[in-house]
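Subject: Structure handover

Hello,

Here is the structure for your files. My notes on side-chain contacts follow below it.

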Amino acid sequence: MGWNDHYNWEMGSDITDLVDEGLLIEGTPAHGIALKVINEGFEQLSEEQLRTWEKYVGKPLAERKKTLEIQRIIDSNPA
């Protein structure tokens, strides 16, 4: 097994997008938890970390994905 076998590339990209859009701040506990999930998975999180994830990462991720899907549909329909 290689050093990056557990790395979640898609989640890493999504988290980077949240940071770039100002929806997640680097250096915060939520950002640290997001990095832990990317590298180790959800199984390694405590109950408190899971609650923090849901509030500060999971919810913004879901809202962002919904917004992107709506925009994709709008963009795919000719005026």
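First, a term: buried means under 20% relative accessible area, exposed means over 50%, and partly exposed is in between (1.4 Å probe, protein chains only). This is a predicted model, so local features need pLDDT of at least 70 and side-chain atom pairs count only at pLDDT 80 or more, while totals for chains, interfaces and linings use all residues. Residues are numbered from 1 along each chain as its sequence is written, and side-chain values use heavy atoms, with hydrogens and water left out.

Aromatic pair

There is 1 aromatic pair in the structure. The rule: ring centres of Phe, Tyr and Trp (its six-membered ring) lie within 6.5 Å; planes under 30 degrees apart are stacked, over 60 edge-to-face, the rest tilted. F42 and W53 make an edge-to-face pair, with centres 5.0 Å apart and planes at 85 degrees. F42 sits in the loop between α2 and α3 and W53 in helix α3, so the contact ties together parts 11 residues apart in sequence. Helices here are DSSP runs (H or I, at least four residues), as are strands (E, at least two), numbered from the N terminus. W53 is buried, at 7% relative accessibility. F42 is partly exposed, at 35%.

Salt bridges

A salt bridge needs a side-chain nitrogen of Lys or Arg within 4 Å of a carboxyl oxygen of Asp or Glu. The count comes to 5. Three of them are worth a look in your viewer.

K65 pairs with D14, the closest N and O atoms being 3.4 Å apart. K65 lies in helix α3 (residues 47-76) and D14 in helix α1 (residues 9-20), so this bridge links parts 51 residues apart in sequence. K65 is partly exposed, with a relative accessible area of 44%. D14 is buried, at 11%.

R64 meets E21 at 3.0 Å, N to O. R64 belongs to helix α3 and E21 to the loop between α1 and α2 (29-40), so the pair joins parts 43 residues apart in sequence. Here R64 is buried, at 13% relative accessibility. E21 is partly exposed, at 44%.

R72 and E69 form a salt bridge with closest N and O atoms 2.6 Å apart. Both are in helix α3, 3 residues apart, or about one helical turn. R72 is partly exposed, at 46% relative accessible area. E69 is partly exposed too, at 35%. Elsewhere, shared partners join D17, E21 and R64 into one salt-bridge network.

Best wishes
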